[in-house]
Amino acid sequence: MATSRDHDPLANWFGRFSEQLGGDRWQPAADVFETEKAVVVRLELAGVARDEVQVTVDGDVLRIRGIRRPRVDDDAQRLHQMEIASGPFERALRIGIPFEREQVAASLEEGMLRVVLPKRRAGPRRIDVESE
């Protein structure tokens with residue numbers, strides 16, 4: 001039985017590398033979990049410089065985009081295998097828990113991006129009644 005890989009010259013030449021691409025972008029692996037006080041998103045961004053990452057919040061969507069520049073040693077004469085994806089990436093994650101947009105924080109350490117979205121406090125809130 002023939003697979004799509006049999007008919008894809010890139011897949012034959014690059015191996016699994018072509019499977020990591022989504023169109024012209026690659027997608028870093030993501031973990032999303034909840035703590036008592038926050039929703040935490042982690043993305044695996046090994047080889048991505050801090051100034052190449054952009055984190056934005058639009059409503060309940062956390063969008064992370066950037067670029068990983070290809071790295072080839074200057075003295076390399078011939079590539080034998082290429083599995084590390086490079087180029088632009090983008091992840092848009094819908095966060096289903098209300099969070100404080102103004103308090104979102106992001107850090108990049110040892111190839112892992114960590115975005116902390118503090119939960120919005122639920123509970124009673126006093127509303128002042130004004131007269132006209």
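How many aromatic pairs does the structure hold, if rings of Phe, Tyr and Trp (its six-membered ring) pair when their centres lie within 6.5 Å? The count comes to one aromatic pair. This is a predicted model, in which local features need pLDDT of at least 70 and side-chain atom pairs count only at pLDDT 80 or more, while totals for chains, interfaces and linings use all residues. Residues are numbered from 1 along each chain as its sequence is written, and side-chain values use heavy atoms, with hydrogens and water left out.

**The aromatic pair**
- The ring centres of Trp26 and Phe89 are 5.1 Å apart and their planes stand at 55°, so the pair is tilted (planes under 30 degrees apart count as stacked, over 60 as edge-to-face and the rest as tilted).
- Because Trp26 lies in strand β2 (residues 25-26) and Phe89 in strand β7 (residues 87-94), the pair ties together parts that are 63 residues apart in sequence; strands here are DSSP runs (E, at least two residues), numbered from the N terminus.
- Trp26 counts as buried at 4% relative accessibility, and Phe89 also counts as buried, at 0%, where buried means under 20% relative accessible area with a 1.4 Å probe and protein chains only.

**The open sheet**
- Four strands form an open sheet in the order β3-β4-β9-β8, with antiparallel pairing, where two strands pair if DSSP finds at least two bridges between them.
- The edge strands, β3 (30-34) and β8 (105-109), each pair on one side only.
- β3 pairs with β4 (residues 38-44) in the antiparallel sense over five bridges, and Ala30 stands opposite Leu43 in β4.

Terms used: Buried means under 20% relative accessible area, exposed over 50%, partly exposed in between (1.4 Å probe, protein chains only).
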